[in-house]
Amino acid sequence: MKYLFLLWYNFLENFFHLIKIKKFLKKNIFFKKPIIFDVGCHKGKITKIFFDLYNHSKIYCFEPNKLLHKTIRQNNLNKNLTVNSYAVGEKVEEKLFSLDDLDLTSSLSKINKNSFYLKIKKMILGISKNSLTKKVKVITIDNFCRIKKITRIDLIKIDVEGYEYMVLLGSKKMIKNTNYIIIEIQKNSMYKDYSKKKIETFLKKNNFYLLKKFNFPLMFFEDRIYKNRKFN
C-alpha cells in the first residue's frame, strides 16, 4: 500500500501540481539574476523548476536530511546551487529533527497524535519502523543572510511540514527585502500548535498579499504564492 501511494503521490506532484506552479511562474513572475532560498528542499524538484525558468539564479537550499543532498545535486547540476544541511527556524539553536523513513514527512514539528489525518496516514502507509530523531543545527534566515552578506531575496520557498511559521519568525528583517514567498499551507491537524491564521497575519503585517493558491490534488495541503507590495 505504501509503495502504491508513493507512486500515485509522485505522479500527481510531477505531472499536475508542480507543472501548474511552473506555468504560473513562467507567465507571471520574471527575474534576471534572482537570489532564491529553498527552505525544506527535499529532493530539489522545485529547485530544478527555478533553474529552468531563471537561468542565472543563485539558489540556497536548506535540507537537514543529509541523505537527500546527493539527489538534490544530481537533480540540479548547476554551479549556482548551494546546499546547506541546516534546518531553518525562529532562532539559532540545536533541535531534535524527526527523520522519518518516509522522507516527505521529516520535520521539526511536533505531531498531534489525535489527528484524524494522522490516523488515515497510518492506515495507508503503516506505522513507521525506521523513524528516528537526531540533533540538527537550526539557523534563521536573518542570521544566514547577515553572515553571507545577502541584502535581498527575490523568492523564498518554504515547505517544512508544519514549521513554516517559525521560519517566518526568523526572517523578520529580511522579509522586508523579499519580493515573493511560496509557502505550504496545511489543511489538516497533524502538527501541534500549527496555525494557518498566524502565517496569514504575519505575512499581511509585513505587506504581503496572496497572489495564487495551488491545491495539491486529493491531499490536505496547498501551496500559496505571496507578493510583497513594496515591489509592485
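Helices here are DSSP runs of H or I, at least four residues long, numbered from the N terminus. With that settled, a word on the model: it is predicted.

I'll start with helix α1. Phenylalanine 15 lies in α1. Is this residue buried or exposed? At 51% relative accessibility, phenylalanine 15 counts as exposed, because the cut-off for exposed is over 50%. Phenylalanine 15 also belongs to a nonpolar surface patch, together with Phe11, Phe16 and Ile19. The accessible area of the four together is about 400 Å². As a general point, an α-helix has 3.6 residues a turn, so residues three or four places apart point the same way.

Next, helix α2, residues 45-53. Its buried residues are Ile46, Thr47, Ile49, Phe50 and Phe51. What covers them? The cover includes helix α1 (2-28) and the strands β1 (35-39), β2 (58-62), β3 (81-84), β7 (153-158) and β8 (178-186).

Now to histidine 69, which sits in helix α3, residues 69-75. This histidine is buried, at 8% relative accessible area. Which backbone atom lies 2.7 Å from a polar atom of its side chain? That is the backbone oxygen of glutamate 63. Setting aside neighbours within four places in sequence, the contacts of histidine 69 are Glu63, Val83, Asn84 and Ser85.

On to valine 88, in strand β4, residues 87-88. Valine 88 has a relative accessible area of 4%, so it is buried, the limit being under 20%. Not counting residues up to four places away in sequence, valine 88 touches Val39, Phe62, Leu108, Val138, Ile139, Ile141, Tyr163 and Val167.

Last, the nonpolar cores. The largest has 38 residues. Which of them touch the most other members? They are Phe37, Val39, Ile141, Ile150, Leu168 and Ile181. Val39 and Ile141 were also among the contacts of valine 88. A separate second core has 23 residues, including Phe31, Ile36, Phe50 and Val83. Of these, Phe50 came up among the buried residues of α2, and Val83 is in contact with histidine 69.

Leaving aside neighbours within four places in sequence, leucine 168 is in contact with Ile158, Ile175, Ile181, Ile183, Ile199, Phe202 and Leu203. That is where I'll stop.

Notes:
Residues are numbered from 1 along each chain as its sequence is written. This is a predicted model: local features need pLDDT of at least 70, side-chain atom pairs count only at pLDDT 80 or more; totals for chains, interfaces and linings use all residues. Side-chain values use heavy atoms; hydrogens and water are left out. Buried means under 20% relative accessible area, exposed over 50%, partly exposed in between (1.4 Å probe, protein chains only). Helices (H or I, at least four residues) and strands (E, at least two) are DSSP runs, numbered from the N terminus. Contact means heavy atoms within 4.5 Å. A polar contact is a pair of N or O atoms within 3.5 Å; within protein, one must be able to donate a hydrogen and the other to accept it, and residues adjacent in sequence count only if both atoms are side-chain atoms. Patches are made of residues with over 30% relative accessible area and no salt bridge: like charges are joined within 9 Å, nonpolar side chains (Val, Leu, Ile, Met, Phe, Trp, Tyr) within 5 Å. Accessible areas come from the Shrake-Rupley method with a 1.4 Å probe; for residues, only the protein chains shown count as cover. A salt bridge is a side-chain nitrogen of Lys or Arg within 4 Å of a carboxyl oxygen of Asp or Glu. A nonpolar core is a set of buried Ala, Val, Leu, Ile, Met, Phe, Trp, Tyr and Cys residues joined through side-chain atoms within 4.5 Å.
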